[in-house]
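User: I have a structure open and want to go through a few of its parts. Can you help me read it?
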2 protein chains.
Amino acid sequence: MAEPSKVAASALRAFIEKTFTTVGMSADDAAAMADVFLWANLRGVDSHGVARVPRYVELFASGEANLNAEIRVDRPRPGVAFVSADHAPGPVALSKGMQCAIDIAREQGVGWVQVKETVHAGALGYYTELAANQGMIGLGFLAGMPNMAYPGARGAAVATSPFAVTVPAGDRAPFSLDMATAMIALGKINQYKMKGLQLPPASAVTADGTPTTDPAEAKMPLPLGGIKGAGMSLGFELLTSVLAGVPIVAPFHGEGNKRHRQNAVLIAVDPAAFGDGAAYATAVAETLSAITGLTPLDEVAPVSVPGERGTRTAQARSDGGVPLPKGTWTALGEMAEKLGIELPERI
Amino acid sequence: MAEPSKVAASALRAFIEKTFTTVGMSADDAAAMADVFLWANLRGVDSHGVARVPRYVELFASGEANLNAEIRVDRPRPGVAFVSADHAPGPVALSKGMQCAIDIAREQGVGWVQVKETVHAGALGYYTELAANQGMIGLGFLAGMPNMAYPGARGAAVATSPFAVTVPAGDRAPFSLDMATAMIALGKINQYKMKGLQLPPASAVTADGTPTTDPAEAKMPLPLGGIKGAGMSLGFELLTSVLAGVPIVAPFHGEGNKRHRQNAVLIAVDPAAFGDGAAYATAVAETLSAITGLTPLDEVAPVSVPGERGTRTAQARSDGGVPLPKGTWTALGEMAEKLGIELPERI
């Protein structure tokens with residue numbers, strides 16, 4: 001039996017949809033889940049792909065995620081909306097939130113949407129790409145439970161909260177930056193551990209804050225560039241959770257709600273408000289080409305721009321299937337058996 | 001004679017205003033210049049303070065900055081505005097731009113303002129603080145001429161473009177993050193050189209892209225966290241210059257306009273759109289207090305949040321005067337002599 005297993009994108013999508021309709025989601029919501037996880041797998045961001053599905057099934061079972069959330073959308077002023085997610089999973093709440101931002105931007109030029117009390121957003125870049133697919137710039141900030149060090153403090157203080165921006169680029173792959181505010185992703189620390197490799201220096205610390213390159217000892221990533229990444233993360237908490245009236249960081253360190261939840265801001269900007277939208281995408285492509293056309297330091301490694309590699313991988317995996325490592329395949333098998341559904345066929 | 005020289009804040013302000021009215025600026029525009037430079041000096045960001053004044057005088061003389069710019073403000077859709085700065089200096093153009101964003105946010109909840117073709121913005125955090133002074137969240141992105149390395153490319157590829165966010169915090173100092181996308185500021189490399197110190201590892205490279213810790217050899221900073229900082233910088237160019245129809249990066253690497261200029265996006269968000277504005281500031285203060293109240297790694301170094309130290313320094317320097325190093329004082333003296341004006345009195 002060849003490892004890793006490989007599954008056709010369409011079969012993987014059908015499997016994810018089947019999983020979530022089986023646990024009780026509506027067909028539309030299950031499709032939103034499949035879109036987000038498949039997107040990540042296609043682009044090679046496997047940490048945010050189907051590997052997360054079993055965890056979501058548990059989250060529904062435990063009530064941490066709400067299967068029948070009543071999502072409420074308010075629009076207190078013309079340029080902004082407020083999506084109260086009622087603990088709906090990220091794929092459902094944030095897809096709705098970004099569509100709302102896009103609709104507002106078409107009218108107002110910009111739309112700023114607070115999404116409060118969702119769980120496990122998945123890859124933030126998926127949502128900002130929804131905007132780019134409609135010719136708009138998409139931006140997103142996300143805040144979650146503290147899991148990252150903060151300069152000078154003992155223990156986890158802030159979250160590895162990501163920032164994402166996607167910009168349409170005409171003939172080229174969209175510019176797509178989706179970055180955590182940490183030096184290294186938590187999932188990557190685990191990958192180093194499984195491969196028996198040392199971590200890069202100054203990327204992680206032990207539980208009490210001592211720097212370490214031993215992935216077995218590492219409990220938290222360090223923030224990107226010290227106070228810069230930590231400050232971004234703290235700033236995102238103020239822009240998302242605190243602005244929505246549902247702080248995460250303060251209760252985490254004191255009294256109050258310590259249950260997992262995430263809050264986001266999603267922003268769409270319509271380039272057509274400032275001129276010709278298609279001309280904008282062309283000018284974006286020219287800028288990206290100026291960078292990829294630079295003389296490389298290493299002749300055999302051309303200069304690349306954020307988003308390009310993911311788009312190439314997505315093309316290859318759409319055509320040739322999505323590889324799933326043994327651990328993921330086993331976990332999906334166990335979940336499928338419990339739910340009484342079939343694993344997708346391997347190719 | 002004691003070094004550094006120390007000057008009362010009011011005297012320094014009067015001197016900056018006098019300088020700019022002498023070279024032909026209106027009293028209002030000269031006051032805008034004084035506000036921005038004095039703000040930086042008061043907060044201890046001396047690299048962006050009065051030390052920059054002689055350079056502005058040269059920029060006006062060379063025509064690079066426009067003394068009598070006709071700034072045009074358009075509002076193509078309700079949520080966005082377009083400030084065509086006509087090469088007005090940053091303090092004039094960006095102050096106007098942020099006020100515009102604030103006015104829009106009061107109506108719409110959010111205001112997004114493109115500022116195109118300004119020169120030398122100064123400290124971006126000054127403009128985002130204008131929003132916080134009016135109870136709003138201020139955000140800013142800036143793009144300029146390439147002066148930073150890009151992963152895998154030879155030579156300067158993108159700019160050290162900053163990102164700033166200021167959030168009102170009630171009784172506490174506002175949260176104020178104003179960060180370049182570089183590992184180290186260009187000005188700091190020079191300070192290491194003057195002090196005869198080695199640079200931190202992995203912070204800068206020579207002209208051809210070789211990493212160096214010798215500040216005399218260092219020609220460019222490296223981007224913060226490799227592709228993360230470089231991607232942010234490139235993203236800011238797409239959000240600012242390219243969206244405004246006046247790209248900087250593409251012409252820099254090809255044909256077209258290579259003259260110094262900067263473009264910005266300034267965003268204001270009105271917390272009152274989402275609830276009670278004063279309650280928001282209080283909740284922000286609680287979050288900041290949760291961080292500063294964390295157990296410090298080092299007993300004698302309490303945990304701090306972005307903006308706090310600057311606010312403390314500003315209080316001390318407002319009361320006790322602004323120290324000016326010998327080099328700055330000498331340069332101001334030479335400039336004052338040429339212009340036929342008096343240096344401020346030292347205290």
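User: How many bridges join E5(A) to strand E6 of chain A, and do they run parallel or antiparallel?
Analyst: This is a predicted model. In it, E5(A) is joined to E6(A), residues 163-167, by four bridges, and the two strands run antiparallel. One point to look at is A:Gly140, which stands opposite A:Ala164 in E6(A).

User: What holds strands together in a sheet, in general?
Analyst: Backbone hydrogen bonds pair the strands of a sheet, in either a parallel or an antiparallel way.

User: And how does E5(A) pair with strand E10 of chain A?
Analyst: E5(A) and E10(A), residues 262-269, are antiparallel and pair over seven bridges. A:Ile137 stands opposite A:Val269 in E10(A).

User: Is E5(A) covered or open?
Analyst: Mostly covered: seven of the seven residues in E5(A), 137-143, are buried.

User: Which residues are on each side?
Analyst: A:Ile137, A:Leu139, A:Phe141 and A:Ala143 lie on one side, with A:Gly138, A:Gly140 and A:Leu142 on the other. Every one of these is buried, which leaves both faces of E5(A) covered.

User: Switching to chain B. What is the strand order in the open sheet there?
Analyst: The order is E2-E3-E4-E10-E5-E6-E7 in chain B, seven strands with mixed pairing.

User: Which strands stand at the edges?
Analyst: E2(B), 72-77, and E7(B), 175-179. Each has a single partner strand, so one side of each has no neighbour in the sheet. From one strand to the next, the twist averages 15°.

User: How many bridges does E7(B) share with E6(B)?
Analyst: Five, and E6(B), residues 163-167, runs antiparallel to E7(B). B:Phe163 is the residue opposite B:Met179 in E7(B).

User: Which helix packs on that sheet?
Analyst: Helix H5 of chain B, residues 124-133. H5(B) touches E5, E6, E7 and E10 of chain B, and the direction of H5(B) makes about 155° with that of E5(B).

User: Last topic, helices H2 and H4 of chain B. At what angle do they cross?
Analyst: The axes of H2(B), residues 27-42, and H4(B), residues 90-108, cross at roughly 90° and come within 8 Å. That angle is why H2(B) counts as roughly perpendicular to H4(B).

User: Which residues make the contact?
Analyst: From H2(B) there are B:Asp29, B:Ala32, B:Met33, B:Asp35 and B:Val36, and from H4(B) there are B:Pro91, B:Val92 and B:Ser95.

User: What classes are they?
Analyst: The contact of H2(B) with H4(B) has five nonpolar, two charged and one polar residues.

Technical notes:
Residues are numbered from 1 along each chain as its sequence is written. Chains are lettered from A and ligands numbered from 1 in the order in which they are written. This is a predicted model: local features need pLDDT of at least 70, side-chain atom pairs count only at pLDDT 80 or more; totals for chains, interfaces and linings use all residues. A residue is buried if 20 or more other C-beta atoms lie within 10 Å of its own, exposed if 12 or fewer, and partly exposed in between; C-beta atoms are placed from the backbone. Two strands pair if DSSP finds at least two bridges between them. Axes are lines fitted to C-alpha atoms, for helices over the stretch in contact, and angles run from 0 to 180 degrees between N-to-C directions. Angles under 35 degrees count as roughly parallel, over 145 as roughly antiparallel, 65 to 115 as roughly perpendicular and the rest as oblique. Two residues are in contact if their C-beta atoms, placed from the backbone, lie within 7 Å. Ala, Val, Leu, Ile, Met, Phe, Trp, Tyr, Cys and Pro count as nonpolar, Asp, Glu, Lys and Arg as charged, and the others, Gly among them, as polar.
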